[in-house]
Each structure stands twice: as structure tokens, then as C-alpha cells.
Amino acid sequence: MVGKVNARPTKEFFIDMLTRDIRLEHAIIDLTDNCIDGALTKCPTEDFTDLWIRLEISPNQFKISDNCGGFSLETAREYAFRFGRPKGRKDVDHSVGRFGVGMKRSLFKIGEYFKVESKCGQDHFIVEVDVNEWSTDEVNWDFDYRSGGELINEVDEDGTVIVVSNLHDNIKGEFSLSSFLTYLKAEVEKKHEFNLSKGISIFINNQKLGSNPVKMLFSENLKPAYKELEYGEVKVRIYVGIGEASPDLAGWYIYCNDRLVVEREKTNLTGWEGRVFEESDMIKFHHTYAMFRGVVFFDSKDPKLLPLTTTKTGIDSNSAIYRAVKAEMLILMKQVIGYLKTLKSDEDRDVVKADTVDLEVKNLRMQSYPSTFKAPTLDVIAKENRFVNISFKKDRSLVEKVGKSLGVNTNKEIGEQTFDYYLKMEVKE
Amino acid sequence: MSLTGTSPTYHTINYNLRSAKSIERKIILETIRGLYPPNEISKYRYVGFGSIFFADFRLVHKELGINRMVCIEGSDDEQRFQFNKPYKCIELRMGMSNRVLPNLDWSCKNIVWLDYDRTLQPYMFDDLETLTTCLKADSFLILTCNGTLPSFRERVKNENGQTIDRAKIEEFKRLFGDHAPFEIEEKDFSKANVPGLLRKMFANCIESKLQALNGVKLNSQKIKFLQLFNICYKDNADMYTFGGLFLENSKLRTMKAKPEARRSFISTGEDSFNISSPIITNREVDLMNQYLPNGLKRFLKTKQIQFIPEPMRQTYHSFYRYFPHFMEIRDF
């Protein structure tokens, strides 16, 4: 006997299940990604100077608006609200949206009622959905739109306005916390660092976001290692070098089409951890490596080729392209790790920083570098540095006496002044 | 190459006098020379651990005409190594191989010989992974290490109170992580089986890295590792050599078919090839040479050489073309 079993999706799957896989701040950033896609269509030269995105967040309502071009009625009818990307759909070049899940998932995550208004050239329409009502009908999946004269015109230039109300209780709670807004701001600043540097203004509750870029130390003697790879239409650029000693900031930063996907990554995903052996170079993160910085850029016109997960907060570690790139990342990382192992103390790490500038990654990208990491060895730095340290121990009571006599408080000053005194009195210039 | 806390072999043995090693070197060089024309091979770079005798470097320069050579040395004797460098074209890089290798420029074709003198260590896999990622197609990778695993056996009492010798499999797995074969068992640790275990681990390590790198390549451009060397030899310690050639998939079949890739000492599979060096005098060598080349059976039956023990005759027949000649030269 043969027959059919029901394998159709349910609306609850999209409303209640998929929404659990994404954190609130990432759901919001997903909505800003759509604005950036609009910007890429509107300004292919990537000069975003006159564009803006505004987020207005309160316990009653969530609103995101932009002047990034909006999307057409045809796009809305055929693609934008579909669950999943239909075959044959042409994506925005260099976008990060590719799954056809981001916007709906974000809206469902935030609340039970949403209104999407878009103005794009001649097209101007509103899609308004009461999620609870929509979910009761298992057969009809369509959303209704309206266009024409009766619209309350929130949009005066081409762009999109999304308002979500009837917020879920847990979301209301988050939106009432200023700590959430602070965190969201920092996250958006990081994820869109490159788009911010292209001139777009992003506001959260009227506060303008700044950029908070990854930096690497740079000098004539200290230059990152660089490797450029091409896999079909995907271009990959890898930079490794050192930055300020910070166990928090250390690690890998991975960008897909200029959108930061993974940051400060120090797990097996980027070749850390896994196996740790004394003489082996398999690496477990340790304070010694607090200066390590690695940055990878994946760029492709076709976002489907990028190794992104659907939440855009992770890398698909099984993707063929990422596995190949990871092998190259490891080789470059080993060079820097090998160097960092030669720095034995915080003092050594400070010495390396002398005469370097802290270069933002976007400036780093202006030029290419050899595939070998260039860094000065400590003895070379020592030779070039005309200053040396003197350290010695003396009886505390004697040191205090000398300090009193000199009229200074710190041991450092006592040392310096007694040295200067001897130099002046006893040593001929 | 030496490592902290252990005495490098060049302190205890003159590399030039290791006859099995010498035979191995010649076999490997002859294979390389047979697989690529001289004008191509001479453009390769040789990367090795020269020791103060630089025996492999001398041979590679003379026999293959290679002028670009990098010697990696992990000891602190830089001055001594600089002094003993036989040619100015040898670049000396001080440091452990797992630090130095990632820092080299890998844009040319290479012959890399990781001639470790220690038993299996985790850093050897780091080096294999680095090289599998960095080496271009048509490059050779050879690894030699001690062919025993002394530290992975312990003596314990069984339920009958008898003392037995047991392999420390868990400790081995902990140390080598996923490089340890999934199906590893007690018998893999026996002296006869260790070379097989080593081969499997080295081959798997290269294969898994290649798989990661090949996923994004067209079938014809995928890189394959053609194993050529799977050699056991002994001068004073049991040694094991694993090696082969990275090739684009499209070239694999033609390369496999070349006679040089089908010689008796080439092993593309699990069975290792044993080099044993006969202990014979120079006069015996001269005598036997008079009846060579010849088929093995006829050679063994030759009346005039019957007084030389058969195993010696047999071994000499296999290796006479590679057999080194040592003599003392006074007032040299």
C-alpha cells in the first residue's frame, strides 16, 4: 500500500520555533541589513552619505525607518514576504540577505502586530498583519497589502517604515532596559562598522551611532601578514597581526560582504582550542595571545556563496569554502602566535607597541602586504630603544627616608631623582 | 633537528656513516629525479633539517642541481651551523620547525624533508598540516621519525597476578587527539605494527587537510597526495620514513604509471619497504661487484662469492647501486 503523509509546514513553526534561534539584538540587526540592501541598490557606488536608518525602541512599540530606497510592490508581492527564497530570485549584489527568513522572523520575534510601509518610485504600499489572526488560518499564507490614496503617509522619500506593536512580554521587558539599548548600540556599531564608514547614519532613539572598528598595530617594522584567495566568485582577504593586549578583543573577526559576522572568536571555529599539547602548536587561548588579531573578509556578489548561517551571527563551519579558508587562516595565525610566544611579559608586550600606530581595519584594507608577518624581535627593539630599565631592592625604611629627604612619594621618583643627583654630582658630561 | 632536553643525534653519530640512511637518501633522490626532468627539478627549493653534517643538502645540491635551500635548525648552535654550511645557497633558519615553516614563503615548488630524530610527537602533525596547506602541486613531502613508540607501554598486573605489558591507548589518544586512528587497538603498538600505525596517522592527517582544501576546487584541480615512500630502516635506531608527492588530480594517473613510481622500493600502500644494510668489507664489495648486475638467483648461486653469508649477498644485491663506501683517509 502506498499513500501520503503530511509534511506541510505550520505557521507556528515560523512564529514560535524559528524565532528561538536568534537573539533579539540580532533580529533587529537583521532588519537593518535589509536597509543596507536597499542602500546598495540605491547607491551602487557605496557612497551612503545621505542615507539614514532610525530605530525607535520603547516598551510599547518598535519602529525602524530608512530612506534607503524602499522596495517595489512587485518585490513585496513575489519575494519579500515569502517564507524562504524562491528559486530564480536575483539577490541584491553584495547583500547578506539570502534565506528569505530574516525580516519575518524578526517581526514575529518582536511582537504580534506589524505594519510595513514602503515607498519605491511610483510604488507606495502598506502590508499590515495581525499575527494571531493570520496564524488561525492554516491554508491561506498570504498577507494583505493596500496602496493608493488612503495611506497615512509616514514616508516622504523612497524608503521603508516598519512598526511592530503588541510586543511580546519578554520583549517589552528588554526594551525597557537601558542596558539593552546600550548593548544593541554597541552591536550595531560593530556589525555595521564598514557601512557606517561608508557614510550612512544610524540612530537608536535619536542617538547617532559611531563606529568602533577593529584595530591593528602598525609600523615600518610591524606589518600584518596578508593573503588573498579567490574561490570562483568569492574573494577572500585575510589579515593577521597584533593589536593592544586585550584578552577580550583578541581573536578573529570575520566579515561577509562588509557585515561583521563573527568577532573576537577564539574557539575551534577559527582554529583555537581543540587540542593542546606542550610542543605542538595547536593553540588554546591564553593571555600570551591577548595581542592576536585576525580579520577575514569574504566578498561575493552572490550572497548565497558566503559561509553564513541564517542568523548571520555565525559561520557555517562545514561549508567547503570556509574549510579551505580556515586552513589558510591557521597558517597565518601560527606566524603571529609563534611571535607572541617570544613575548614573555606585559613589559615585553608594551615594548613591541613602541612607535606603532593603531590602524583601523578599513585603512588596513587600502594596501596589500606580504604573506609573512613582519615584527621586530625583542633584541632589535632593545637596540633601537635608548631607554633601559633599572630595578633593585632596598630596605623599606631607608627608601622612605630618602623619599622624605627628596620630597617625593613614589619609588619610581625616588629612583629617578637619586640617579639624576648622582649623574649631576659625580659624572662628568 | 634537535629539541630541548634531548641530545641531538649529530652528537652521537656521524651522519655520513649511516649506511641505511645513506641508501634511503639515494633511493629518494633517484625517485625524485626520475619523476621530473632535471630542468624542472633544479628550480625547486629544498627544505630540510641539515644537522651539522648537511649530508642531505650536499646530495640534493649535487644530484638534483637545486640552488635554493633552507635548513631549519632548532638548537642554539647557530654559529656552528653557519660555519658548517657547505654552500652559500643554504639559508639557515633557526627555530623549531612548527614555528619556522609557517613563516616561509611557499610560492615555489618544494622538496621538504622533515627528518626528525624523535619518536612520534604532536608537533609533527602541525608540520604536516602546515605543509599540506602551503605546498604547491608537484611538491614532495617526506617525513622521517623514530619508528618505535617507547613511551606508550606500561607494565601492569592482570587479574591472575601476572605482570603484562599493555599499550596505553587512552594516553595515546589524549596526546594525539583526532590524529589517533578511530579503530586503534593494542596490537597497533607492537614493534612490527608501529610503522603501519605511523603511516596511517600521517596519511590520514594529510588526507583530512586536503579534503578541507579541495572542497572548493574543480575535480581536475583537486590536490591528491601520491604516497611513494613507506620505508623502515635501521642504523642504530629503528627509523621510519613516510613521503610522497602532491599532485593535481588530472596528473595522478600519468604519474602513477611512470616506471619510477613503480620501482621495488616504492610503496603506495600499507606495506612498508625495508632497507637493511649488509655488514661487509670493501674487498667483499669489490668481489661481488664483478658479478653485477645480474638476476638475483644467478647472483646468489655465483660460486666465487659463496663464502659471504647469503643474507648479506641478498641484501647487497638489492642495494648495491646505493651502497655507500666508507674509508679512512689519513692526513686529509
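Let's start where the chains meet: 28 residues of chain B are in contact (heavy atoms within 4.5 Å) with 20 residues of chain A. This is a predicted model, in which local features need pLDDT of at least 70 and side-chain atom pairs count only at pLDDT 80 or more, while totals for chains, interfaces and linings use all residues. Residues are numbered from 1 along each chain as its sequence is written, chains are lettered from A in the order in which they are written, and side-chain values use heavy atoms, without hydrogens and water.

The area buried between chain B and chain A is about 2000 Å², with 53% coming from carbon and sulfur atoms; buried area is the accessible area (1.4 Å probe) that two parts lose on being put together, summed over both. There are 0 salt bridges between chain B and chain A, a salt bridge being a side-chain nitrogen of Lys or Arg within 4 Å of a carboxyl oxygen of Asp or Glu.

Now for some backbone details. Most residues other than glycine have a negative phi, and most peptide bonds are trans. Two residues of chain A have a positive phi instead.

In chain B, the peptide bond from B:L292 to B:P293 is cis, with omega near 0°.
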